Amino acid sequence: MTRFYLVDRERPATSILLPTREEVDAIKHLEKQLGEDDELLVICDSEDDPVAEAGLDSEKVELVTAGEPQGCSGKANAIYEGMKASENNRVVWTDDDFEHPDNWLQQMHEDCERHGPASELPFFTGKNFLTIVSEPIYAFTMLMAYLNNQAWGGSVIFDRDTFNEEKFLEELKQTVGDDVLLSEHLESKTLMRTHHVEIDETPREGLERIVRFVKHVRYHEPVQTGLLTAASFILTIAAILYPLTSFAASTVFFLTLYLFMGRKRPTFLFGYLSLIILPFFLLYGLTRRSFVWQGRRYKYNSKLDVEILNEE
């Protein structure tokens, strides 16, 4: 039975932060869901970005120009400027790479009333061999995020008076991962409700994404990284020594995981192959010194020490 918690009172005025450089459909979809006192902040890098040149017509949609990041990622810089510019206590972060259903914002409010700060999850799908084969790995990563209540910056809602925002923003200007840092400062509930996020990228861009994800875990969860790397090698050896049993077990596991995440894709059949390649992805991510994200090359020296190298 569906339960609703906001019927008897108006939902709180909300600031929705949407970092994007492009004129995306998500802006119109979100604008339609805004309440009377809500605001949608579209955050770009510069006035030369397509979304800035396109112009915004609605009084409830505000364009925020974040500028070039200094010592942090472009995404972290955008979130920082959005948080500074926003006016409401209740805040939603979201991304431009998935579809926002008509009831998305209402559902997020329902989740916040029920659980407090809450987050959904992405389900990544690929278009080339590397990203398609990696789908089970991404699904397993999101399972870990669910079990650890790791927030996803693409769909998270919270009240800013529930955590030390000043300390968070100070560290945000020194790091890459906005949502992994948020999870260190904010106690939130991650829900097993997923949104389809298509990874439309080249194999090289896919590798850069893997490096970025591994670096996040490396610097935010070093113990977990060591355990995961060791476990991945054990599973790989077992998969090679006992191929039939491992194939059957991994296929059943990833089919169950896909269904648990509400997704039906044949890529669960690549679960066995993902067991074999996972440790190599982890080693690649750990040994690479830098990675490219949205046209900028970053180098993690530590969690709060980031260099922006020359663009490619």
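Visitor: How many salt bridges are found in the whole structure?
Guide: A search finds 17 salt bridges. A salt bridge is a side-chain nitrogen of Lys or Arg within 4 Å of a carboxyl oxygen of Asp or Glu. This is a predicted model, where local features need pLDDT of at least 70 and side-chain atom pairs count only at pLDDT 80 or more, while totals for chains, interfaces and linings use all residues. Residues are numbered from 1 along each chain as its sequence is written, and side-chain values use heavy atoms, with hydrogens and water left out.

Visitor: Which residue does aspartate 95 pair with?
Guide: Lysine 75, with the closest N and O atoms 3.2 Å apart. Aspartate 95 sits in the loop between β4 (90–94) and α4 (104–115), and lysine 75 in helix α3 (residues 74–85), 20 residues apart. Helices (H or I, at least four residues) and strands (E, at least two) are DSSP runs, numbered from the N terminus.

Visitor: Is lysine 75 buried or exposed?
Guide: Buried, at 17% relative accessibility. Buried means under 20% relative accessible area, exposed over 50%, and partly exposed in between (1.4 Å probe, protein chains only). Aspartate 95 is buried too, at 12%.

Visitor: What about arginine 90, what does it form a salt bridge with?
Guide: Aspartate 159, the closest N and O atoms being 2.8 Å apart. Arginine 90 is in strand β4 and aspartate 159 in strand β6 (residues 155–159), so the pair ties together parts 69 residues apart in sequence.

Visitor: Now aspartate 49. Where is it found?
Guide: In the loop between β2 (39–44) and α2 (50–54). Aspartate 49 is buried but has no salt bridge; the nearest side chain of opposite charge, arginine 21, is 4.9 Å away. For charge, Lys and Arg count as positive and Asp and Glu as negative, with His and the chain ends not counted.

Visitor: Which backbone nitrogen does its side chain reach?
Guide: That of serine 46, at 3.0 Å.

Visitor: Different topic. How many helices and strands does the chain have?
Guide: The chain has 12 helices and 10 strands. Its radius of gyration, taken over C-alpha atoms, is 20 Å, close to the 20 Å that the globule rule (2.2 Å times the number of residues to the power 0.38) gives for 312 residues, so the chain is as compact as a globular protein of that length.

Visitor: And what share of the residues is buried?
Guide: Of the 312 residues, 52% count as buried.

Methods. A polar contact is a pair of N or O atoms within 3.5 Å; within protein, one must be able to donate a hydrogen and the other to accept it, and residues adjacent in sequence count only if both atoms are side-chain atoms.
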